[in-house]
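Take a look at the fold below. We will walk through a sheet and then a helix.

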Amino acid sequence: MKTTIAQSFIHSISYSDYRNKVTKLLESGKVSGNEQSEDLLHYTKLNEVRMNRLDKTIHVDDAISEELNSLRHHYYWLVLSEGWCGDAAQLLPIFNKMAISTDKIELKILFRDENEELMNFFLTNGGKAIPKVIILEKNNLELKGTWGPRPEGASKLIKSYK
């Protein structure tokens, strides 16, 4: 797994590069990922609007910023995502603002379908649910934890509907 994680950095991109790539795909009538459909195109367009709004309105509370700055180590937050994912559209702007608020976190994003080997190490109930945050210590790429695809309360709600 450590080799796969290390190799994944070759394909990782910044938040702004992620946003630019998804926008350019949309401009050509395409979406990120292996599947292309009118539904996914529609979701990606909605997500562009959501992310634009959140980029403008989200700010990190001072108490959270202080906690992030008090971390003892530096970390990568490696996030598996796709432009059509509604949960990712709501969360990536928050992850980005948190990372910007401290020098302790560097946000890196990977497209799930282009990084299947990595995704397969971090399945949720056997599925490729995203966004998936992989937290790595920066100096040695030691896995410190994962998070996702959604907050626990939302996961329970979705599970109860199913």
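In what order do the strands of the open sheet lie? Keep in mind that this is a predicted model. The sheet has 4 strands, and their order is β2-β1-β3-β4. The pairing is mixed. At the edges lie β2 (105-111) and β4 (143-147), and each of these pairs on one side only. On average, neighbouring strands of the sheet are turned by 20° against each other, direction ignored.

What holds strands together in a sheet? Strands pair through backbone hydrogen bonds, and they may run parallel or antiparallel. Here, β1 and β2 run parallel, and 7 bridges join them. Look at L80 for one example: L110 in β2 stands opposite L80.

Now move to S81. This residue belongs to strand β1, which covers residues 75-81. Is S81 buried or exposed? Its relative accessibility is 0%, so S81 counts as buried; the cut-off for buried is under 20%. Which residues does S81 touch, leaving out those up to four places away in sequence? They are Y18, A88, L92, I109, L110, F111, R112 and I130. With Y18 there is also a polar contact: the side chains of S81 and Y18 are joined at 3.0 Å.

Helix α5 spans residues 86-100 and lies across β1, β2, β3 (132-137) and β4. Against β1, helix α5 runs at about 165°.

Turn now to helix α3. This helix has 20 residues. From its first C-alpha to its last, α3 reaches 29 Å, close to the 28 Å expected at 1.5 Å a residue. Which residues of α3 are buried? They are L40, L41, T44, N47, E48, M51 and L54. Seen down the axis of α3, these buried residues fall within an arc of 145°, so they line one face of the helix. The spacing has a general background. An α-helix has 3.6 residues a turn, so residues three or four places apart point the same way. On the other side of α3, E38, D39, V49 and K56 are exposed. What covers the buried residues of α3? The cover includes α2 (15-27) and α5.

Finish with E48, which lies in helix α3, residues 38-57. E48 has 12% relative accessibility, so it counts as buried. Apart from neighbours within four places in sequence, E48 is in contact with R19, V22, T23 and L26.

How values were computed. Residues numbered from 1 in each chain as written. Predicted model: local features only at pLDDT ≥ 70, side-chain atom pairs only at ≥ 80, totals over all residues. Heavy atoms only, no water. Helix = DSSP H or I, 4+ residues; strand = E, 2+ residues; numbered from the N terminus. Buried < 20%, exposed > 50% of the residue type's maximum accessible area, 1.4 Å probe, protein only. Polar contact = N/O pair within 3.5 Å; in protein donor to acceptor, adjacent residues only side chain to side chain. Contact = heavy atoms within 4.5 Å. Pairing = 2+ DSSP bridges. Axes fitted to C-alpha atoms, helices over the stretch in contact; angles between N-to-C directions. Expected span 1.5 Å × (residues − 1). Arc of directions from axis to C-beta.
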